[in-house]
There are 2 protein chains.
Amino acid sequence: MGKGEDTRLAVLDQAIEVARRVGLRGLTIGSLAEQTHLSKSGLFGHFKSKEILQIEVLGRARTQFEDAVALPALRTSRGEPRVRELFSRWLAWESRPGGCPFVAAATEFDDQEGAVRTRLVRDERDMRDMVTTVFRTGVAEGHFRRDADPDQFAQDFNGVLLAYHHAIRLLGDETAETRANRAFESLLAAARAETSAS
Amino acid sequence: MGKGEDTRLAVLDQAIEVARRVGLRGLTIGSLAEQTHLSKSGLFGHFKSKEILQIEVLGRARTQFEDAVALPALRTSRGEPRVRELFSRWLAWESRPGGCPFVAAATEFDDQEGAVRTRLVRDERDMRDMVTTVFRTGVAEGHFRRDADPDQFAQDFNGVLLAYHHAIRLLGDETAETRANRAFESLLAAARAETSAS
């Protein structure tokens, strides 16, 4: 990795910090220069526009997510162990200082057509597809019912994480983690049950 | 209701629209003046500061939520019918154009100490208490198990709504509503079951 690339990554890490305080929507080359004391013209040399900066911040966050959550889960045994690893790592990711940048960006950009929203939707679809794919390994391994619905599981899985993020970050509810784990166990139990309640 | 109060409410409704586009955090007396073509000095006369404006927007959104969701639910029969009414009205609230202002504000202000966050936390606690209280009427009426945990139900209920909000608003997933309803039925089924799976 060259020195230019090192600098770029260091700047992006600072940009993630700035986005935590002002939102991804509030992250501009001007606000980044102000908060980091880097020169605005130097930052323009790296990023050209606010949209490019915002998209690169999402890209950096995605790499961090893959390193911390997705890749370690994919190295775990297929089936229920992998689903468990994915959940516990994702839960830890949501409770990092600053919370999940994707959760914040989702409500900031859900009404804003443009390149950032397009990128965010792609990332969110990829994350959802990862959950359904990992869940399907549990069906293939015989850990979950053959008629269990992976898309239902993915939406419910997301709900457990979002409710946890909300309770811990806004309300400071320290008991939220226990409840998130209980909710996850209920989802697994429903997926394992031999007969569907339908 | 006097003419001054009418004007104030009309301005707040426009402020809610502006907050949808720029975020509650981006809503200032300056940005509101710009977007509504009202005079900045006139708006200052109404709101005095950005924080007061943001807090009044939350107050207006809360009144709308109470009229559309909470009060009609509380007029429904105690127990499961009331829980169902609360859920179906809340789901409709989440899918209004612009989405739920509280969901967006939660991630905008979860890291920002101050009067707006304090107000938001109070509102969110009140909403959560309403869910547990309504759930408890179901226990009292014998519709739900006596050992069902109202706080667990409230967090799970919130998760179903947040996952729906995320799927419909960001991903435009039209099948999300069916899944949200299925997830809610699973929560009710777990609450009704005679014996706890624990």
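Q: Which residues does B:A15 touch, leaving aside those up to four places away in sequence?
A: This is a predicted model, in which local features need pLDDT of at least 70, side-chain atom pairs count only at pLDDT 80 or more, and totals for chains, interfaces and linings use all residues. Residues are numbered from 1 along each chain as its sequence is written, with chains lettered from A and ligands numbered from 1 in the order in which they are written. Two residues are in contact if their C-beta atoms, placed from the backbone, lie within 7 Å. By that rule B:A15 touches B:L27, B:L32, B:L53 and B:V57.

Q: How many residues of chain B and of chain A take part in the contact?
A: Each chain contributes to the contact. The count is 39 residues from chain B and 38 residues from chain A.

Q: Which element gives the most to the side of chain B that touches chain A?
A: Helices are DSSP runs (H or I, at least four residues), numbered from the N terminus. The elements giving two or more residues to this side are α1 (3–22), α6 (101–109), α7 (115–140), α8 (150–169) and α9 (176–192) of chain B. With 12 residues, the one that gives the most is α8(B).
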